[in-house]
Amino acid sequence: MLPHSAPSAVNCQRGEREADLETALRHGSAAVAELGLTARLEPLPRERPGAWWCTLERDGVPVPQGYGAGKGEEPAARVGAVFEALEHHLCGTLPPPAQLVLRRPRQLAEGPLGGEAVMTALADGPDLPLACLPYRPLGDGDPTDVPLFYNVPGYISASAHRRGALGDHYPYEAAGRYSMNNGWAAGATVTDALVHALNEINERDAMSLLLARQFLTPRPAPLRVVDPNTLPADLAALHQDAEDRVAGPVSLLEMTTDLSIPAYWAYTPAPPAAAARLRGAGSSLSAHYAAERALSELVQIHSVLTARPGTVRRPKACTEKYPALHRCHLADFSTRLSSARTVPFTDTPSPATPAEHLTRLLERFRACGMAAWAREHHVTGHLAVVNVLVPGAERFVLVTDGTPVLPGRRALNARGTGRPCADRRTT
């Protein structure tokens, strides 16, 4: 069961959340109760926790996708685990049929998704209707319809009969590989959730561009690796903790793109010929918080794998037939570290409120010609679960799951120029 309160803690999230940790836990507890659920929290691993795990249950039985892991120190990790479990459970719940609209691929190609890599697969398939949901613009613009499968992988796994009952008879064998749980976030308020979702989109865009620059070009630019001696004391301690846990080196790769939203990849080498799936990534207008997220996520994943080795899915790679894509899948930066450029850690100023974070994040996407749309999937007085779509932001990181997907225009442009959004505006 959730405790009624948690130790008070300074809000370490650099202005990204409105509530402190104690208040956030009360909201999470109330949101769990509103859904008629209970939450079971446990440290992972129990003897030296690097994460907390939350399981949502109804009458003692775990609910579908009702699990989440939280990272960081105990109060933040407990709160994170609860909200992630709520997000996972709710985003896997298909909306009522009355909320859906049917759109054909040729109609979608005329909208904001027209330049996305997925449209190649849709264009090669039949022009049959797909189930879509309406999204509202975050700023100027018109609403747009987004295929349900695109950000809800569970829709692909639903039976064809169930999809057909919604009027969707589209064969998803090819296009379905582009389905990705992307841009989902939960928070105590809609603004909190939107900020978190946009940071996730930037994080995955940055990872995608780094993969493209390193493994899709014959002469990659040097990696940028943060000098650990320049980290502030708390991040230096976290970096050391990460290395102690994985019993090996951890390189903090600086991967901020032309969007100018700080982003980092915490990298540790994988065994030979294995994909580097033990990793952490983080994004925030605060470089400190972005680096903290990356290192904490590496610790979190290691802790979950240590305590629950069967929990994290290791998909079978389907990229072996495509050498360039397979290099991206492996994400083996180890051979690039000797020629890497060592850079000092430099913090960046952070807005004071979630509303300011949201404004500045949207401004930075718009500066690269990218607009955002959002759908409020579940909103109450205690919980907001949203999904955000930013057409043009890269999703090529999906290749690290072993899925043979095409890089988008932004990743292809970035390979040689290093200026993906500048090139995007001229295409």
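Reader: At what angle do H9 and H10 pack?
Author: This is a predicted model, and in it helix H9 (residues 233–246) and helix H10 (residues 287–307) pack at about 20 degrees, with their axes 10 Å apart. Angles under 35 degrees count as roughly parallel, so H9 and H10 are roughly parallel to each other.

Reader: And the handedness of the crossing, left or right?
Author: H9 passes H10 in a left-handed crossing.

Reader: Which residues meet there?
Author: From H9 you have Asp234, Leu235, Leu238, His239, Asp241, Ala242, Arg245 and Val246. They meet His288, Ala291, Glu292, Leu295, Ser296, Leu298, Val299, His302 and Ser303 in H10. By class, that contact has eight nonpolar, five polar and four charged residues.

Reader: OK, switching to the core. Which residues touch the most other members of the largest nonpolar core?
Author: Leu56, Leu211, Trp265 and Phe333, out of 82 residues in that core. Helix H2 (residues 74–91) gives the largest share of this core, with nine residues.

Reader: Is there a second core, or what else is there?
Author: A second, separate core has 25 residues, including Val190, Ala197, Ile261 and Leu361.

Reader: Back to Trp265, what does it touch?
Author: Leaving out residues up to four places away in sequence, Trp265 touches Met207, Leu210, Leu211, Ser251, Leu252, Leu253, Met255, Arg279, Gly280, Ala281, Ala331 and Phe333.

Reader: Ala331 is on that list. Where is Ala331 found?
Author: Ala331 is found in the loop between H11 and strand S12 (341–343). Its phi is positive, about 50 degrees, although it is not a glycine. Most residues other than glycine have a negative phi.

Reader: Buried or exposed?
Author: Ala331 counts as buried, because its relative accessibility is 1% and the cut-off for buried is under 20%.

Reader: What about H11 itself, which residues are buried?
Author: In H11 (residues 323–330) the buried ones are Leu325, Cys328, His329 and Leu330. What covers them includes helix H8 (190–215).

Reader: New topic: which other residue has a positive phi although it is not a glycine?
Author: Gln65, with a phi of about 55 degrees. Gln65 is found in strand S3 (residues 61–70) and is partly exposed, with a relative accessible area of 43%.

Reader: And the peptide bond from Leu44 to Pro45, cis or trans?
Author: That bond is cis, with omega near -20 degrees. Pro45 lies in the loop between strand S1 (38–44) and strand S2 (51–58).

Reader: Last one, Cys132. Where does it lie, and what is it in contact with?
Author: Cys132 lies in strand S5 (residues 130–137) and is buried, at 0% relative accessible area. Leaving aside neighbours within four places in sequence, Cys132 is in contact with Gln99, Leu100, Val101, Arg103, Leu108, Asp145, Val146, Pro147 and Leu148.

Reader: What separates the C-alpha atoms of Cys132 and Arg163?
Author: They are separated by 12 Å, and the two residues are 31 residues apart along the chain.

Technical notes:
Residues numbered from 1 in each chain as written. Predicted model: local features only at pLDDT ≥ 70, side-chain atom pairs only at ≥ 80, totals over all residues. Heavy atoms only, no water. Buried < 20%, exposed > 50% of the residue type's maximum accessible area, 1.4 Å probe, protein only. Helix = DSSP H or I, 4+ residues; strand = E, 2+ residues; numbered from the N terminus. Contact = heavy atoms within 4.5 Å. Axes fitted to C-alpha atoms, helices over the stretch in contact; angles between N-to-C directions. Parallel < 35°, antiparallel > 145°, perpendicular 65-115°, else oblique. Left-handed = near helix turned anticlockwise from the far one by under 90°. Nonpolar A, V, L, I, M, F, W, Y, C, P; charged D, E, K, R; others polar. Core = buried A, V, L, I, M, F, W, Y, C linked by side-chain atoms within 4.5 Å.
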